[in-house]
Amino acid sequence: MPTPSRRTFAVAALAALVLPLSACGSSDDGSGSTDASGKVEGDITFQTWNLRANFKPYFDGLIADFEKKYPGTHVKWIDQPAEGYADKLSADAAGGTLPDVVNVSPDLLAPLVKAGLALDLDKAAAKYRPEYLDGAWTGQQIPGVGGTYAFPWYLNTGPMFYNKGLFKKAGLDPDSPPKTYDELFTDALQMAQKSNGKVATLANVPTVEDFGRYGVELMNKQGTGFAFNDAKGVELLTKYKELYDAKALDPQALTATPESSGKMFLTEAVAMNPGSALDLENFKKQAPNLYKNIGITDQITSTGHVNMYVMGVMVNSRTKHTPAAVAFAHYVTDAQNQMSFAKQVAIFPSTAGSLDDPYFTKEDGTDETRVRIAAAKSLKNAVNYTPVLFSDQMKTALRNEVAKALQGKESPKAALDNAVKACDQLLQQQG
Amino acid sequence: MATSTVSRVRRQLPTSPWLFAVPGLVVTGVFILYPFVSTVVNAFTDRRTLIPGEFVGLANFRELLHDDMFWIGLRNSALYVLGVVPALVLLPLLLALLVQKNIPGIAFFRSAFYTPVVASIVVVGLIWVWLLDERGLVNSLLETIGVGRVGFLSDQWLLLLSAMAVTVWKGLGYYMIIYLAALAHVPRELHEAAAVDGAGAVRRFLTVTVPALRSTMVLVAALSSVAAFKVFSEVYLIAGPTGGPAGEDTTLVMLVQRTGTGLTGRVGYASAISLVVFVVTVALMLLVLRADRREES
C-alpha cells in the first residue's frame, strides 16, 4: 500500500513538473507625451536588432556624437540577438519595459501600433518627412490606422546566389541564370533531371514574398482580407509541386530554416539560395571551392520588382523623454548617418537622394561593389511584398498549407483556400 | 537546558518556521503559483500579448475541439508517451544491471552513459540533425551498404521517431542512476536464496529484481511519462520550428509556444491548451499511481 509520504512526494513532483506551463505579464498604461518640441535632454534607451557584434564602434561613435550635440542626454544602447527578437519585444511591451527608441520592421511595428505603444510621427515629427523617400515613409504606416509610426532606416534587397559549377554540370548557361519564375522552373527541372535528383535548385518552400514576386495579389484592395488563393497563386504552387516531385526543390525544404538552407548551399547540395553581401565573406572562408564558382544575380521575379526589406526606428509612445527620443531616432536615420552606416555594411539608405551617391553607382571591380550597385539599382523600383499585417502565426499557417500541397495531401487550390481562411481569421482576431 | 532554549525561541518567535520557509514560498508563489493561476484565468479570456482580453467563457475550449493542429499536437504528445516511456522504464534498468558490478573500469562506462544527460539539449539536437540529415553520416552509411537514403528529417513519422530516439538516448543515464540507487537496496540474500533454489539469471531478474524495483519503476514511468507528454526541445530542434512538414510533428507544448508567443500571440487560447496539457498530465500521473496501487493490493 502506498505510504502517505510517497503520495505526498508524487503530488509534489507532479506539481513541480506540470505547473510551470506559462507565464504572462501585464501591460503598463502609463502614457508619455506626444509633444517632441521641448528641450532635448534626459536618459533614453535605444534597442537594435542584432547589430552589436559587427557594428559596435559605429554605434558607440553615433551615440557619443549625439550626446555631444545635445548635452544633458544620455543614450543607453542595448542590442538583442536576431533569433527571438519578436518575443523579446513582446515581453518588454507586455511588461511595460519597452525601450524609448526601438529598431523594428513594419510587421513587428503593426502590433505595437495597435497596442498604442508607438508614437505617431505624423503628429510628433512631421517636419522630417521630406528627408525620406516617400515610399519608405509610407512603408511605416499601418493599414486601417492613421499616422506613420517609425522613421525609415535602412533598406535591403538580398541578391540571389547561384553555383555556376552546378549550372554548368547540368548543361545550363552559368552566365545566364534564371530571372523569372518561369525560367527558374525550367532550369530547376533540368538540374534535377541531369543530376538524378541529387542536386536541387531551391531549398525553401514559397513564402508570401514569392507569391508577391510571381504577381499574385496578396490582399484585397481594401486591405481587409488575403487574396493569394487566386488562379495565379494556385499556378505558382502547382509549379512548386512539380519541382518538389522532381526533387528540384529539396526534400527537406518543408522543414528548412534560413540557416539550414544556407548550409545546403554552402555544401553544394542546392544550386541557388537568397542571401546578402555579407555571405560572400562566409563563402570565401568556409567554402573556397564554392566561392570560385559563385554567381550573383537579382532575386527571381516575374513582376519586374524585387522584394525590399525595410527597417525602421520607432519611438515608444510612453517614453518620459519624448523630445530626446524623437531627436535620437531622427539622428540615427538622418541622411548623413544612414550614409555612413551604409559604408559599414551592404545596406541602403532610405533618405531622399542618397541612392544617387557615387558609392551606389560607380564600379570599382570588386565583388562587393558589384553586389552593392546591382542591389541599389533594383531597389529603385523594389516593392515591400511582405504585408505589414502578416504575423508569425499567418506565416506558419501559409507554410503548413503549402507543405500539404507539396506532399500531395491537398490540392494547391484547397491548400491556398485553407491558408487564406486561416490568415483572414487571424487578421480578424488581431482587430 | 536545550529544551528550554528551544521553547523560549518558540515563544519569542512563533512565526520562525514560516520565516525559514519564506524564500521557498516566495519563489514558488512568484514562479509557479502565480503563472499557474494566471494561465487558468487567461484560458477563459481572449487575451493577446499586447491586448488585455475579455472573458469569453468556454469559447477557447470550443475552438480547440475544431482546431486540427490541437488534435495533431495531442496525438503526437500521446504517441511520444507510448513510444518513450516503455523504453525509458526498461532500457535504463538493463543498463544499470550492466554497470552495477564493481569491476575495474566500470566507472568509465557509468560516466559515459551519463554524459548525454549533462550535455546541452541544443548541442545534442544539432548533432543528431547533422547525423540524420539527407546527406549526413547515417544516410551516407546506409547508402554505402546499399539501403539508400532515408528521409529521417523529411518524413513526419521518421522525424517523430528520431526525436523519440534522442529523448531515450538522452534520458538513459538519468534513469540508470535512479535504478542503480534502488538496486543497491535489493537484499543480496534474496538473490542468493533464489540461486540456491536453482533460479537462473533471467529467473532471478524477473522474480527478485523486478518485484524489488517495482516502486522505482513506477516512479520512472511517472516521471518519464510527464516529461514525454510535455516534450518540446527535441521535437523543436529535430523537426524544426514548423513542427515537421505541415506541422504534422507539432506537440502540444510546441503549439502553446507557437500560439501564445510573439507580438500577436493569442495568450488566452495558448493558456487553454496549457490547461489541457495540465489536466492530461495529472490524469497520466494518477493513472500510473493507480496502476501501482492496484498491483500492490
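**Strands, sheet and domains**

Mentor: Strand β3 (residues 101-104) of chain A pairs with β8(A) in the antiparallel sense over 4 bridges. This is a predicted model, in which local features need pLDDT of at least 70 and side-chain atom pairs count only at pLDDT 80 or more, while totals for chains, interfaces and linings use all residues. Residues are numbered from 1 along each chain as its sequence is written, and chains are lettered from A and ligands numbered from 1 in the order in which they are written.

Trainee: What makes β3 and β8(A) a pair?

Mentor: Two strands pair if DSSP finds at least two bridges between them, and a strand is a DSSP run of E with at least two residues, whereas a helix is a run of H or I with at least four, both numbered from the N terminus. β3 and β8(A) have 4 bridges, so they pair. In one of these strands, β8(A), A:Met314 is the bridge partner of A:Val102.

Trainee: What pairs β4 (residues 151-156) of chain A with β8(A)?

Mentor: Again there are 4 bridges, in the antiparallel sense, and A:Asn156 stands opposite A:Tyr309 in β8(A).

Trainee: Why is β8 of chain A called mostly covered?

Mentor: A residue is buried if 20 or more other C-beta atoms, placed from the backbone, lie within 10 Å of its own, exposed if 12 or fewer do, and partly exposed in between. In β8 (residues 309-315) of chain A, 6 of its 7 residues are buried, and the strand is therefore mostly covered.

Trainee: How do you know where domain 1 and domain 2 of chain A lie?

Mentor: Domain bounds come from an automatic or database domain assignment, which for chain A gives domain 1 (42-157 + 308-379) and domain 2 (160-306 + 388-430). The contact takes 19 residues from domain 1 of chain A and 14 residues from domain 2 of chain A, where two residues are in contact if their C-beta atoms, placed from the backbone, lie within 7 Å.
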